[in-house]
Amino acid sequence: MRVVGVFRNVVRTLFMAIAVMPILTLVEAKPAFGSRTLVIYDQRLTELDSYSTFFNSLKERSHELTYRALGNDSTPISLFRGEDRLYDNLIVYPVRSRHFNKQLSVENLLDFFSSGGQVLTVTSPEGLSDNIRSFLNQLGIYPSPRNYYVNDYYHGDENNTLYLTKGKSLNDYVVSPGDYNLVYKGAAALLDNRQLIIPVLQAPKTSFTLDSKQSNEEWTIGSEGYLAAAFQSLHNTRLAWVGSEVFLSDEFSASNGRFAEELTKWTFGEKAVLKSVGFTHHHASGASYLESPYKVKDSIVYEIGFSEWNGSSWGPFTSDDVQFELRMIDPYYRITLLPSETSSDAQYYTTGNFSLPDHHGIFTFLVDYKRAGLSFITEKDVRAIRHLANDEYPRSWDITNSWVYLTSIYSVITVWVLFVVLYLSLRKPKTVETGKKNN
Amino acid sequence: MVPKTTPKKADVASSASKFSDTISASYKAYCKQVSGDRQLQLIDTFCAFLVAVGVIQFLFVCAAKDSFPLNAFLAGFSACVGQFVLLVSLRMQVVNSFMGISPQRAFGEFVLASLVLHFLCLHFVN
């Protein structure tokens, strides 16, 4: 009995250890900003069971999923309580329900997005509601209308399913580089030429998007169409759009899984998230601005630290293209920063010593790091650079050139003194006067 | 009357000779004026010295191709020019004194003006 009991305990602890360990390791992975995630889907279009792999992957990354099914009811979907966001992330599946436009207005969506909520929109030719479409249009993403399918005679089959054997991500930060075997069935989008839009997956050259009912109208032709796109606002909130519902499904998770996971990781702020841990600038001697305000030609050092979210904690972010600008309307300096110290959670960069321009005024000490796919970082500090006070200019005898002029002035004075003395000594005899008169 | 065989050449020759005559005449007049007058000789020597110093400074600026301490150059150069002007005005009064101004008073004014000039130049050179 006892032996059996001990054996059972051992088995139980082993089992616990095996079961708990992956949970412990996986619990660390989480989004940088928040993990309350709302999933909105249309009951008539989407079977949640067929997306279990996708949702499990989200749960493993600490997402607290809330599901909201849309049916025939028209109760509004609230994303806010007062001015506080109820959710950090929003996943919208294709919706056909007409009530959805009233349940979640475009203004609501934009408010949610601009207040820091991350959005993943999945649309499909069967389900593209007007609110989602105009929300995407405002950001510059134009998905093809209802019933338009992207097709390709070279890479697809008669069911409008595309098999991309060498799908390449267009942005290495959003989806890491490599060849992906992807299966895609759905819409293609036209993209605006905006810098905030990040194209992720391009339609093949041989593809086209055609109305499945009236086959004479095209939405995209060839590589002008995109199958997945991302958007990052200036507040660093992120949005991703995928034009295919089955792209995320269990059926194709073997091929699409990694791509979808990377895309959602990027969207929900689990990677490529940067932050600045602060900047300092001071005299090369170490004195701060407050101790002695900057004046023209002073030698200054500027330092800044960058951190990157690696999925569970902040770590150093190393790059060789971080630039510092000293600006008064125009940049007077643009210096590429050099890595200096590294701590456990930040990489510090420095300009080294540089001398301020010979120009006084109100200058901005600026680091404006904007790279497509990475969080935008802008660090500004406005400081006055004063001119020299009247007793700070070099004296004339410190400048070798002026020795010539000094010598001449003093020689003129000396000779003048001699002249006065000689003139007075010559003045005495009256003979000069008479001699002159005789002339 | 000069015979008019080659009028042009004669004109040229006469004008050239007139010029040299004028030069020599004024030189003679100058020598005559200065000779025996030690004061005028002294004034003229000082003038020549000032011109030389001014020219040296100007040549230095040209040679250095840099007018960097411009205030110093201006001070040095204008010391020479100003002193020269003051000296010439003194000389005019020494040669032929102005109405109602005695040579002594003229010299006193010269000394005062020179002192002001030196003061200004020394301050301007910093």
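Predicted model: local features only at pLDDT ≥ 70, side-chain atom pairs only at ≥ 80, totals over all residues.
Domain bounds here come from an automatic or database domain assignment. Chain A is divided into domain 1 (31–267), domain 2 (273–385) and domain 3 (404–438).

Four residues of domain 1 of chain B and six residues of domain 2 of chain B make up the contact. About 400 Å² is buried between domain 1 of chain B and domain 2 of chain B. Carbon and sulfur atoms give 44% of that area. Polar contacts link four residue pairs between the two domains, both residues at pLDDT 80 or more.

The interface of chain B with chain A was examined next. Chain B contributes 39 residues to the contact and chain A contributes 27 residues. The two chains bury about 3,100 Å² between them. Of this area, 74% lies on carbon and sulfur atoms. In chain B, the residues that lose the most area to chain A are Gln39(B), Phe107(B) and Asn126(B), together 19% of what that side buries. Helix H2 (38–64), helix H3 (70–95) and helix H4 (103–125) of chain B are the elements that give two or more residues to the side touching chain A. There are zero salt bridges between chain B and chain A. Four residue pairs are in polar contact across the interface, both at pLDDT 80 or more.

In chain A, the centres of domain 1 and domain 3 are separated by 100 Å, taken over C-alpha atoms. Domain 1 of chain A covers residues 31–267, and helix H6 of chain A covers residues 253–267. A straight helix of 15 residues would span 21 Å at 1.5 Å a residue, whereas H6(A) spans only 18 Å between its end C-alpha atoms. The buried residues of H6(A) are Asn256(A), Phe259(A), Ala260(A), Glu262(A), Leu263(A), Thr264(A), Trp266(A) and Thr267(A). An α-helix has 3.6 residues a turn, so residues three or four places apart point the same way. The buried residues of H6(A) pack against helix H2 (52–60) of chain A. Their other partners are strands S6 (118–122), S10 (179–184), S12 (197–202), S15 (226–232) and S16 (238–242) of chain A. Just after H6(A), Gly269(A) adopts a positive phi of about 70°.

Note on methods. Residues numbered from 1 in each chain as written. Chains lettered and ligands numbered in written order. Heavy atoms only, no water. Helix = DSSP H or I, 4+ residues; strand = E, 2+ residues; numbered from the N terminus. Expected span 1.5 Å × (residues − 1). Buried < 20%, exposed > 50% of the residue type's maximum accessible area, 1.4 Å probe, protein only. Contact = heavy atoms within 4.5 Å. Buried area = accessible area lost by both parts, 1.4 Å probe. Polar contact = N/O pair within 3.5 Å; in protein donor to acceptor, adjacent residues only side chain to side chain. Salt bridge = Lys/Arg side-chain N within 4 Å of Asp/Glu carboxyl O.
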